[in-house]
Amino acid sequence: MNYMKTVSVFKTSVNKKQDIKRIRPLLNRLIATNGRWNFDLEDCDRILRVESQVCLENEVINLLRYCNHECQALE
C-alpha cells in the first residue's frame, strides 16, 4: 500500500552533532517507523526535515523546545 507522506521543514538552533545525538532518541520515538528525519547543519537555518505519515509539526517544535533549542516551521 502506498501512503502519502507529510514533509515538514524547520529552522532550528541545533548547531552541533552532539546536540543531534541528545535529540536522536526523542525524535526516533516521535517519528513513526515509516517516517524519517535529518538535520542540515551546514545550512544557515540549521534545517530539520521530517517525513512522516501524519503531520507532527507542533510535536517537533515542542520536542526541540523541551531540549532547549529554538525551532520554527518554515513554509
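## Helix 1 and its bend

In this predicted model, helix 1 bends by about 45 degrees at Ile23. A proline, Pro25, follows within four residues. The 14 residues of helix 1 should span 20 Å at 1.5 Å a residue, and the end C-alpha atoms of the helix are 19 Å apart, which agrees.

The residues of helix 1 that are buried are Asp19, Ile20, Ile23 and Leu27. They pack against strand 2, strand 3 and helix 2.

## Ile23

Ile23, the residue at the bend, has 0% relative accessibility and therefore counts as buried. Leaving aside residues up to four places away in sequence, Ile23 touches Val14, Leu63, Leu64, Cys67 and His69. Ile23 and Ala73 are 50 residues apart along the chain, and 17 Å separates their C-alpha atoms.

## The nonpolar core

The largest nonpolar core has 17 residues. Trp37, Phe39, Leu48, Val60 and Leu64 are those with the most contacts inside this core. Two or more core residues come from each of helix 1 (17-30), strand 2 (36-40), strand 3 (47-52) and helix 2 (57-66). Helix 2 gives the largest share, four residues.

Leu48, one of the residues with the most contacts inside the core, touches Ser8, Val9, Phe10, Thr12, Leu27, Trp37, Asn38, Phe39, Val60 and Leu64 when residues up to four places away in sequence are not counted.

## The aromatic pair

A search of the whole structure finds one aromatic pair. Trp37 and Phe39 form this pair, with 5.9 Å centre to centre and 80 degrees between the planes. The arrangement counts as edge-to-face because the angle between the planes of Trp37 and Phe39 is 80 degrees and the cut-off is over 60. Both Trp37 and Phe39 are buried, and both are among the residues with the most contacts inside the largest nonpolar core.

## Positive phi in two loops

Most residues other than glycine have a negative phi. Arg46, in the loop between strand 2 and strand 3, has a positive phi, near 45 degrees. Its relative accessibility is 26%, so Arg46 counts as partly exposed.

Asn68 also has a positive phi, near 65 degrees. Asn68 lies in the loop between helix 2 and strand 4 (71-74). With a relative accessible area of 71%, Asn68 is exposed.

Notes. Residues are numbered from 1 along each chain as its sequence is written. This is a predicted model: local features need pLDDT of at least 70, side-chain atom pairs count only at pLDDT 80 or more; totals for chains, interfaces and linings use all residues. Side-chain values use heavy atoms; hydrogens and water are left out. Rings of Phe, Tyr and Trp (its six-membered ring) pair if their centres lie within 6.5 Å; planes under 30 degrees apart count as stacked, over 60 as edge-to-face and the rest as tilted. Buried means under 20% relative accessible area, exposed over 50%, partly exposed in between (1.4 Å probe, protein chains only). A nonpolar core is a set of buried Ala, Val, Leu, Ile, Met, Phe, Trp, Tyr and Cys residues joined through side-chain atoms within 4.5 Å. Contact means heavy atoms within 4.5 Å. The expected span of a helix is 1.5 Å times one less than its number of residues. The bend at a residue is the angle between axes fitted to the seven residues ending there and the seven starting there.
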